[in-house]
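Me: Could you take me through this structure, starting with its side-chain pairs and then turning to its metal site?

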Amino acid sequence: MKQKDKKKTKRWTERIKNIHLPDPDILDEVKEKSKYKTARVSTKANQSCKEGLQLVQGRIMEIKSNYHYIVEINGILETAKLSGRLKQFLYQSHTIAAIGDFVAVDISNSTDKRIEKIIPRRNALIRYGTGSFQKEIILAANVDQVIITSSWRKPRFKAGLIDRYLCIVTIQKLKPVIVINKIDLLEDEQELEAQTAYYKTMGYPLVCTSTVNGTGMQELMDLLKDKDSVFTGHSGTGKTSLINYLEPSLNLTTAEVSDRNEKGKHTTSQSILIPWSFGGHLLDTPGIKTITLHSEDKEHIPKVFPGFERLYGKCKFNDCRHINEDDCAVLAAVEKGIIPFERYDSYQYLYASL
Ligand SMILES: Nc1nc2c(ncn2[C@@H]2O[C@H](COP(=O)(O)OP(=O)(O)O)[C@@H](O)[C@H]2O)c(=O)[nH]1
Ligand SMILES: [Mg+2]
Ligand SMILES: [Zn+2]
C-alpha cells in the first residue's frame with residue numbers, strides 16, 4: 001500500500017513539473033484595476049527571500065529616495081535600503097514601499113540594513129500619476145484616518161466639498177474625521193446645526209475647532225490619540241495651525257508641512273511619519289493635496305456618497321445611479337426628507353462632474 005502511495009506522489013510531482021504555468025508578468029500588460037495589481041505585486045514581492053537573513057520588524061518613517069528609507073526598529077530610527085529582490089518590482093509601481101509600511105529588515109550586516117519584505121498593507125492612500133503610464137503612487141500605508149479639514153469662515157464652509165472628500169476617503173477604504181475649524185468665527189448656531197446635522201446623523205465623526213480660543217481641541221486630540229492620521233483639506237483652512245496647536249514642539253517643521261513641494265524645498269524627503277507626543281502619528285505627505293476623484297471613481301459614487309451606503313442594496317437595480325430609475329431607495333429617501341435636497345443636489349453635481 002505504502003509503495004503504491006509513494007509512486008502516486010512521484011507521478012504527480014512529475015506531472016506538475018511538466019505543466020507550463022503562464023508567466024505572471026504577462027498579466028501586468030493587461031489593463032486592469034491597479035488595486036488588484038498592487039495586491040499581486042506585493043504578494044510576488046514577498047515571495048522567496050534568500051536564506052541566512054536576520055529579520056526584524058520595523059516601520060518606514062521617512063523616504064529619502066526610492067532606495068533609502070528611515071525605518072523605526074524597536075524605537076530607534078535606522079537607515080535601510082531596499083533589497084535588490086524588492087527593487088525589481090519598482091517598475092510596476094512607483095512606490096514599492098511607502099511611509100507607514102511595516103517591513104521586515106535584514107540586520108545581519110549592521111552597516112547595510114536591507115528591507116526584505118513589506119508586510120501586507122491594511123490600507124493605503126493612493127494617488128495616480130498622470131500621463132500615459134498611470135502608475136499609482138502610494139502616499140502612505142496603514143493609515144487609520146483622514147482628517148478632512150474645513151473652516152467655518154475664511155474660507156467659507158462648503159458642504160459640497162465635504163461630500164467630495166468623504167467620497168475620496170471612502171473609495172480609498174479609509175476612515176474620515178470631519179473638522180470644521182475657525183469656529184470662533186461662528187455667529188449663527190442654527191446655521192452650523194443645519195450644515196452639520198446630516199453628517200452627524202450619518203455617523204461621521206465631526207468636531208468643531210478653533211486654534212484661536214481652543215474650542216474642540218481636546219476632542220480632536222482624543223480622536224487622534226494612538227492613531228495614524230493624515231490631514232487634508234483646502235489651503236487656508238488651518239491644517240498647519242491645528243498641528244502646531246496640538247504639538248507645539250513641531251513648530252518649525254510644520255510650517256512646511258505639506259507645503260514643501262510647492263515651495264520647491266525638501267524635494268527628496270517627500271513624506272514623513274511624525275509621532276504625536278500623546279500617541280499615534282501624523283502622516284505628512286505633500287501628495288495629499290493632489291488626491292482627487294477620477295473618472296474611474298464615477299461608478300463608485302452612487303455607493304459611497306455620504307448617507308447612500310446604507311441605502312445601496314435597497315434600490316431595484318444594483319447599478320442604480322439614483323437619477324431616474326424605478327424603485328430607487330435614494331430618490332425615495334429624498335422625497336421623504338431623510339436625505340436633504342441640498343445633499344442630493346450635491347450628489348448630482350458631483351456625479352455629473354466626473
Ligand atoms: N479665526 C481663526 N483663524 C485661524 C484659525 N486657525 C488658523 N487660522 C488662520 O488661518 C490662516 C491659515 O492657516 P494655516 O494653518 O496656514 O492653514 P493651512 O493652509 O490649512 O495650513 C492663518 O492666517 C491662521 O492664522 C482659527 O481657528 N480661527
Ligand atoms: Mg499649511
Ligand atoms: Zn437608487
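**Charged pairs and a zinc site**

Both Asp228 and Arg59 are buried, where buried means under 20% relative accessible area, exposed over 50% and partly exposed in between (1.4 Å probe, protein chains only). This is a predicted model, in which local features need pLDDT of at least 70, side-chain atom pairs count only at pLDDT 80 or more, and totals for chains, interfaces and linings use all residues. Residues are numbered from 1 along each chain as its sequence is written, chains are lettered from A and ligands numbered from 1 in the order in which they are written, and side-chain values use heavy atoms, with hydrogens and water left out.

Me: How far apart are the closest N and O atoms of Asp228 and Arg59?

Reply: A salt bridge is a side-chain nitrogen of Lys or Arg within 4 Å of a carboxyl oxygen of Asp or Glu. Asp228 and Arg59 form such a bridge, and their closest N and O atoms are apart by 2.6 Å.

Me: Which protein residues are donors of the zinc ion (ligand 3)?

Reply: Donors are N, O and S atoms within 2.8 Å of the metal (3.2 Å for Na, K and Ca), and water is not among the atoms, so sites may look incomplete. Along the chain the donors follow the spacing C-x4-C-x1-H-x5-C. At 2.1 to 2.4 Å from the zinc ion (ligand 3), they are Cys315 (SG), Cys320 (SG), His322 (ND1) and Cys328 (SG).
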